[in-house]
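Take a look at the sequence and the 3D structure below.

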Amino acid sequence: MTEPVLRASHLTRIYGSGRTAVRAVDDVSLTIPPGELVMIMGPSGSGKTTLLSMLGGLLRPTSGEVVINGTVITELDEDRLPVVRALEIGFIFQSFNLLDALTVEENILFPARLRKGGVSAARPRAEELMSRLGLTHRRRALPRTLSGGEKQRVAIARALINEPKLILADEPTGNLDSRTGQEVLMILHDIARDEGRAVVLVTHDPRVEDMADRVLWLEDGHLRDRSEAHHWARDPVCGMKVDEWTATLISEHEGQRYFFCSPRCKARFDAAPDDWTGG
Amino acid sequence: MFLWAWKSLFSQRSTLVGSSLGIAGAFILVLFFDAVFRGESEQIVAYPAHMNPDVWVMQAGVGNMHMASSYIWDWKMDVIAAMPEVERVTPILYFANIIEARGSKLFAFVVGLQSGEHRAGPWEMSAGRRIAGKGEAVIPAVLSRITGIGIGDTMRITDHDFRVVGLSRGTYSSANPVIFVTLDDLADILSAEGTYSYLLVDAKEGVSPKQLAEGIRRTVEKVNVLTTAELVANDFGLAMQMGVEIIFMMTMICSALAALIVGFSAYSLVARKQRELAIVKALGGRRGALVGSVVLQAVIVALLGYLLAVVFALLVIPQVPLLVPQLSLVVSIGDILQMGLVALLVAVIGAVIPASLVLRLDPALAYQV
């Protein structure tokens, strides 16, 4: 059996304490083998970024453990974590997070100084990535002169420079137009399929749903698998079909949950629930 | 990492230039005050240094000339002059007092010379006669410019009036401009007939100053004998001592100011680049390397300020006396090098708080949009 690239067990993160404690991520377990592209969705404030930060060793969980390529990173101290972050994980951020003062090539090579042979050994890999991602002619350019798509391609190249087994991407298409976003998604798809890397993608982009191997839904700190069919509910007011998992407009009446397509429908329901439930 | 630190610093040119100029200003103040004190101190010893006899003979217990009083009987000069090691003895009378010129009251050293004496008089002239006669005085040319009295004008020493007959060069310092009069006039002022203040003794060829000094000590009682180097060192040390506390205070204040500027600029760089620093941490930047980057940036800012201050010190400070002749400024290479060490220290101190901020920085900030 293939060893998983990422294994998170009973991951919990609590902010605050006592009565003000908030469980941003609550007992989440997740295993991702090589080559799998996993999409994590969820409403704003559901704990997606907290989960991604813990998976990437940027945030310590309150409890639980994260294992990447057999290394329990939650047990590593601050002196050993940087090597794991640089060599085992590739980070892709929504706002690209390129270093403003460095050129495209220098940005791509930045994480390479911790790998064996350092920056000079990584140069052929950087050349290959720039060529593959269409950045060769922009190698000396500074980030401020790049388009959004170019910036994200530089960020992807930087994430791949040390050939990590795990890629963590946070809303990689969030700041891109649809065509460029599609292009970036295809690159990430190829990274998982062709290179056998595990890709965790946090996104609201519905296009990813079709290309992801697994879609996970994070809400109120809990993670649920939604790889099967959608869980459709019917708006009791207008009769429209509503996805139970993605719906944010919900009311409870006599122990039953009702899902709405719009605030207008919810308001009408809340004003006289019995009119809509036949009560 | 250091490439990023370097490029990141130089990408914020306004911060870099502003901080470096501020630090340069603080260092320039220190170097300027140091140059003033060093220049003044060198001017204070200008007279004994230029006279440069082999030894100086003075009253026992007196070890310097600056602000000192010394009286020795005139017969002691005859005893010394008769010694086989002695080539020549030149007596002077000397006192330090307030002089009055065109309503200005100034502190001055007054040297009384025997009639027609060249050995102990002014060594370079700007105008007029080198040797003063009875009722006449030779004053520094700078003093003439400051007070407005020129050749032919009258000045007052205690209750005696003197007519200015010559303007000398290199004899001015704000602490003690040197004025030359006749020995008889000064003896009259001091009621010191039959005494001298100092004897400038030149040795015969083949006799070292040390041998001469030992010979005089053996022969004449109740006198102190010093070589020119010893007398100059004593006076220079005394002059520097008078300024050393002020220089130290200025250095401390300006260094603290420079440290504050370095600290503020390093802090603002870190604060402004918090997100980028978080990205660097997220991408595997080690804490040591990040702290090193902050220290490197602080050192660059401090050294740039230091270099600007050095350029100013070497190019501009020496020109100041041309505009303000009463100022004697001497820039010391030793002081400049010392300031370099202060700059490094200032950089490290200034980097402490920004470095601690970097250490506490949460790498998860990289995820914030």
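**Starting point: one residue**

Leaving aside residues up to four places away in sequence, A:Val66 touches A:Ala8, A:Leu11, A:Met54, A:Leu55, A:Ile73 and A:Thr74. Touching, or being in contact, means that the C-beta atoms of two residues, placed from the backbone, lie within 7 Å. The model is predicted: local features need pLDDT of at least 70, side-chain atom pairs count only at pLDDT 80 or more, and totals for chains, interfaces and linings use all residues. Residues are numbered from 1 along each chain as its sequence is written, while chains are lettered from A and ligands numbered from 1 in the order in which they are written.

**A:Val66 and its surroundings**

- A:Val66 sits in strand E4 (residues 63-68) of chain A. Helices (H or I, at least four residues) and strands (E, at least two) are DSSP runs, numbered from the N terminus.
- Why does A:Val66 count as buried? It has 23 C-beta neighbours inside 10 Å. The cut-offs are these: a residue is buried if 20 or more other C-beta atoms lie within 10 Å of its own, exposed if 12 or fewer, and partly exposed in between, with C-beta atoms placed from the backbone.
- A:Leu30 is 36 residues from A:Val66 along the chain, yet their C-alpha atoms are separated by 9.2 Å.

**The four-stranded sheet of chain A**

- Four strands make an open sheet in the order E2-E1-E4-E5 (chain A), and the pairing is antiparallel. Two strands pair if DSSP finds at least two bridges between them.
- Strand E2 (22-32) and strand E5 (71-72) of chain A are the edge strands, each pairing on one side only.
- Strand E1 (residues 6-15) of chain A runs antiparallel to E4(A), joined by five bridges.
- A:Ser9 has A:Glu65 in E4(A) as its bridge partner.
- Strands of a sheet pair through backbone hydrogen bonds, either parallel or antiparallel.

**The six-stranded sheet of chain A**

- Another open sheet has six strands in the order E6-E7-E8-E3-E9-E10 (chain A), with mixed pairing.
- From one strand to the next, the twist averages 20°. Such angles run from 0 to 180 degrees between N-to-C directions, and axes are lines fitted to C-alpha atoms, for helices over the stretch in contact.
- E6(A) pairs with strand E7 (residues 166-170) of chain A in the parallel sense, over four bridges.
- In E7(A), A:Leu166 is the bridge partner of A:Ile89, and A:Ile167 stands opposite A:Gly90.
- Which residues cover the two faces of E6(A)? A:Ile89 and A:Phe91 lie on one side, A:Gly90 and A:Ile92 on the other, and all are buried.
- Helix H6 (residues 178-195) of chain A lies across strand E3 (37-41), E7 and strand E8 (198-202) of chain A, at about 150° to E8(A).

**Chain A as a whole**

- Chain A has nine helices and 14 strands.
- Of its 279 residues, 44% are buried.
- Among contacts in chain A with a separation of 6 or more, 64% join residues 24 or more positions apart.

**Where the chains meet**

- In chain A, 25 residues are in contact with 19 residues of chain B.
- Four residues from H2(A) form the largest share of the side of chain A that touches chain B.
- That side of chain A divides into 14 nonpolar, five polar and six charged residues. Ala, Val, Leu, Ile, Met, Phe, Trp, Tyr, Cys and Pro count as nonpolar, Asp, Glu, Lys and Arg as charged, and the others, Gly among them, as polar.

**Helix packing in chain B**

- Helix H10 (residues 287-315) and helix H12 (residues 333-360) of chain B have axes that come within 8 Å and cross at roughly 150°.
- The residues of this contact divide into 23 nonpolar, two polar and one charged.
- B:Phe27 touches residues including B:Cys254, B:Tyr306 and B:Met339, not counting residues up to four places away in sequence.
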